[in-house]
Amino acid sequence: MINKKYKLPREFTKEWLTALRSGKYEQTSGSLYNIQNQGYCCIGVAARIKYPLHYLKNKINKSAGTLQGNKKSICSDTKYKLSKIPQELQGGVDESQLVQQLVDLNDDEGYSFEEIAEWIENNVELYD
């Protein structure tokens, strides 16, 4: 058995992978949700499947959960703490290697949601 570096809950991850592959979410970078282009980063999709859209909106910055540049936690720019997503996805890039990897794939490497879903399947161990 291959020991994978990252771990996520099985039920949540299956739901997230389905959402990433659904074609329902426009992809963006630099924030969980961008109000201007109505796009999500891959972690924004994870948040969106557990929360109504208004949880991800920040009217001041036109986006929520900035992950790039100032490296804030994904929860810091939103009105609500996103406790319904796994703890492994709640930290900012300085707090979570998994979040850092996913941000790199989404923002810097230009992976599509399908490619990110494949990466998660190949690199993340699922637990019950």
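Angles under 35 degrees count as roughly parallel, over 145 as roughly antiparallel, 65 to 115 as roughly perpendicular, and the rest as oblique. The model is predicted: local features need pLDDT of at least 70, side-chain atom pairs count only at pLDDT 80 or more, and totals for chains, interfaces and linings use all residues. Residues are numbered from 1 along each chain as its sequence is written, and side-chain values use heavy atoms, with hydrogens and water left out.

Start with the whole chain. The protein chain has 4 helices and 6 strands. Helices here are DSSP runs of H or I with at least four residues, strands are runs of E with at least two, and both are numbered from the N terminus. Read from the N terminus, the order is β-α-β-β-β-α-β-α-α-β. The protein chain holds 128 residues, and 46% of them are buried. Buried means under 20% relative accessible area, exposed means over 50%, and partly exposed lies in between (1.4 Å probe, protein chains only).

Contacts come next. A contact means heavy atoms within 4.5 Å. Take the contacts in the protein chain between residues at least 6 apart in sequence: 60% of these join residues at least 24 apart.

Now the helices. Two packed helices are described by the angle between their axes and the distance between the axes. Axes are lines fitted to C-alpha atoms, for helices over the stretch in contact, and angles run from 0 to 180 degrees between N-to-C directions. Helix α1 (residues 10-21) packs with helix α4 (residues 113-123) at about 155 degrees, and their axes are 8 Å apart. α1 and α4 are therefore roughly antiparallel to each other. The crossing of α1 past α4 is left-handed. A crossing is left-handed if the near helix is turned anticlockwise from the far one by less than a right angle, and right-handed if clockwise. On the α1 side, the contact is made by T13, W16, L17, L20 and R21. On the α4 side, F113, E114, I116, A117, E118, I120 and E121 take part. By class, this contact of α1 with α4 has 7 nonpolar, 1 polar and 4 charged residues. Ala, Val, Leu, Ile, Met, Phe, Trp, Tyr, Cys and Pro count as nonpolar, Asp, Glu, Lys and Arg as charged, and the others, Gly among them, as polar.

α4 has another partner. Helix α3 (residues 97-108) and α4 cross at roughly 150 degrees, and their axes come within 10 Å. That makes α3 roughly antiparallel to α4. Here the crossing of α3 past α4 is right-handed. L98, Q101, L102, L105 and N106 in α3 meet F113, I116, W119 and I120 in α4. The contact of α3 with α4 divides into 7 nonpolar, 2 polar and no charged residues.

Turn to the strands. E26 sits in strand β2 (residues 26-27). E26 counts as exposed, at 53% relative accessibility. What does E26 touch, leaving aside its neighbours within four places in sequence? E26 is in contact with N37, Q38, G39, Y40 and F113.

Q38 lies in the loop between β3 (33-34) and β4 (39-40). Its phi is near 55 degrees, a positive value in a residue other than glycine. Q38 is exposed, with a relative accessible area of 54%.

Past β4 comes a contrast. C41 lies in the loop between β4 and α2 (42-48). C41 is buried, with a relative accessible area of 4%. C41 and S31 are 10 residues apart in sequence, and 6.3 Å apart from C-alpha to C-alpha. V93, in the loop between β5 (63-64) and α3, is also buried, at 7% relative accessible area.

Finish at strand β6 (residues 124-127), where E125 lies. E125 counts as partly exposed, at 23% relative accessibility. E125 and K7 are 118 residues apart along the chain, yet their C-alpha atoms are separated by 4.6 Å. Not counting residues up to four places away in sequence, E125 touches N3, K4, Y6, K7 and L8.
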